[in-house]
Every structure is written in structure tokens, then in C-alpha cells.
Amino acid sequence: MSEQTQTLQEELKTAKRKSAKPMLWISMISMVMFFAGLTSAYVVSMNREDWVTFDLPQAFYISTILIILSSITLFLSHKTLKKNNLKASFMLLLVTFILGLGFIWYQYVGFNQLKEVGLYFTGPESTVSTSFIIGITFMHVLHLIAGVVVLLVVIYNHFKKKYSSTDMLGFELGAIFWHFVDVLWIYLFFFFYFIK
């Protein structure tokens, strides 16, 4: 490989590193705008005469605890990776993944708990409020599934020893997105809890 080609490859790699985080932030800002629009529509719709208030399903409380724990384990995984403790970092990453799957499962359980009390997303028995809460929560679950896919990529790369204390861009990008969907859920949870 010529020196020019090697220099060009290094420049491309540097440019990719510099643009990766800003591109991620831009996509997350667009997701914030999307959910801000949905929650604004929720608030406006509360003035309807057919608005029904209800308590959040118990499974949503459990899923909230699980996603907070997943962010903590991912933070610890990142911290141990900075110390080049690859084994501990990898194990914490696996725990994060399992907690993420647990979050998705309890969201599903929560949807079923709403059905059990007669609250449906669509159909003659549905209400505007349940359609909103199920729709918004489902959209968040889709983003979290994307986060699980990102975690799988990070787990695979970590297993292949592509990360170290000096090279962790892919890990950091995955962690930023995961923490983002965590904070987004906490916002939605408290939004639905306090704004009925």
C-alpha cells in the first residue's frame, strides 16, 4: 500500500470519527421532536369530553426500573472498558442487553394489563387516551428495539476485541443511543404518570 493511500485512509477514518457523534445527535434531536409532537397532541386531546383517565399498568413501573438498571450497567461497562478490563466490560454489556429485553417484555405485559381492564388501542372499546398511551409507548418500544440491535452490534464487536481504552468510538455511539432511549422512556413515564 502506498503512503498516499495510507494517508487518505487515515484522513477518511478521522473524518468519520469527527462526524459520527454529531450525526447521532442530529438523529436524536429529530426523535425528541417526534415525541414532543406526540405528547403535545396528548395534552391537547385531554380537553375532549370522551377523555378517560386511568392508572399506568404495574408492568410499566417494572420496565422503568429495568431500563434505569440497564443504563447503570452500560455506564459501568464503559467505565471498565476505559480501564481495559475487557472481560468485566463485556459481562456488564451482556447484563445491559438482558435488562433491555426485560424492558421490552414488561412493556408487552403492560399492554396486556391495559387490555385486561378493558382499555384497547383501537376498536369500539378503545378511548382516545388509551390509543395515545399505547401508540406513544409502542413507538418508544420500536426505538428501544433499534437500541437492542445496536447493543448486539456492540456486543459482537466487543467479543471480537475491537474496543479498548484507546479505541471505543463504536461503543460510545451505542451507549449514547441507549442512554437516550432510557431518558426518553423516563420522560414518557413521568409524563403519563403526572399528566392525566
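Is asparagine 84 buried, partly exposed or exposed? I looked up its relative accessible area and found 42%, so asparagine 84 is partly exposed. The model I am reading is a predicted one.

**Entry 1: the loop residues**

I then located asparagine 84 and found it in the loop between α2 and α3. Its phi is positive, at about 65 degrees, although asparagine 84 is not a glycine. I noted this because most residues other than glycine have a negative phi.

I looked at lysine 161 next. Lysine 161 sits in the loop between α4 and α5. It is not a glycine, yet its phi is positive, at about 60 degrees. The relative accessibility of lysine 161 is 62%, so it counts as exposed, the cut-off being over 50%.

A further positive phi belongs to glycine 118, which follows α3 and has a value near 85 degrees.

**Entry 2: the overall layout**

What secondary structure does the protein chain have? I counted five helices and zero strands. Read along the sequence, the pattern is α-α-α-α-α. I took the spans of the C-alpha trace along its principal axes and got about 70 × 30 × 25 Å. The protein chain has 196 residues, and 41% of them count as buried.

Helix α3 has 31 residues and reaches 45 Å from its first C-alpha to its last, close to the 45 Å expected at 1.5 Å a residue. Helix α4 covers residues 128–159, which makes 32 residues. From first C-alpha to last, α4 reaches 46 Å, close to the 46 Å expected at 1.5 Å a residue.

**Entry 3: the core**

Which residues have the most contacts inside the largest nonpolar core? They are Phe171 and Phe192, in a core of 44 residues. I went through the helices and found that α1 (3–45), α2, α3 (86–116), α4 and α5 (169–194) each supply at least two residues of this core. Helix α5 gives the most, with 13 residues. As a general point, nonpolar side chains tend to be buried together in soluble globular proteins.

Leucine 184 is in helix α5, and its relative accessible area of 6% is under 20%, so leucine 184 is buried. Tryptophan 185 is in helix α5 too, and with a relative accessible area of 0% it is also buried.

I then took C-alpha distances from each of them to a residue elsewhere in the chain. Tryptophan 185 and isoleucine 67 are 118 residues apart along the chain, but their C-alpha atoms are separated by 8.3 Å. Leucine 184 and glycine 110 are 74 residues apart in sequence, and their C-alpha atoms are 18 Å apart in space.

**Entry 4: the aromatic rings**

How many aromatic pairs are there? Counting ring centres within 6.5 Å of each other, I have 22 aromatic pairs. In one of them, the rings of tyrosine 42 and tryptophan 51 have their centres 5.0 Å apart and their planes at 80 degrees, so the pair is edge-to-face. Tyrosine 42 and tryptophan 51 are both buried.

Tyrosine 193 is partly exposed, with a relative accessible area of 36%, whereas phenylalanine 194 is exposed, at 60%.

Ring pairs also link residues into a cluster, made of Phe60, Tyr61, Phe103, Phe111, Trp185, Phe189, Phe190, Tyr193 and Phe194. Trp185 is thus a member of this cluster and a buried residue.

Which residues make the nonpolar surface patch of about 510 Å²? I listed Ile65, Ile68, Leu69, Ile72, Phe75 and Leu76. Leucine 69 lies in helix α2, which covers residues 58–82. Its relative accessible area is 37%, so leucine 69 is partly exposed.

An α-helix has 3.6 residues a turn, so residues three or four places apart point the same way.

Technical notes. Residues numbered from 1 in each chain as written. Heavy atoms only, no water. Patch = residues over 30% accessible without salt bridge, like charges linked within 9 Å, V, L, I, M, F, W, Y side chains within 5 Å. Areas by Shrake-Rupley, 256 points an atom, 1.4 Å probe, with all protein chains shown as cover. Salt bridge = Lys/Arg side-chain N within 4 Å of Asp/Glu carboxyl O. Helix = DSSP H or I, 4+ residues; strand = E, 2+ residues; numbered from the N terminus. Buried < 20%, exposed > 50% of the residue type's maximum accessible area, 1.4 Å probe, protein only. Phe/Tyr/Trp six-rings, centres within 6.5 Å; stacked < 30°, edge-to-face > 60°. Expected span 1.5 Å × (residues − 1). Core = buried A, V, L, I, M, F, W, Y, C linked by side-chain atoms within 4.5 Å.
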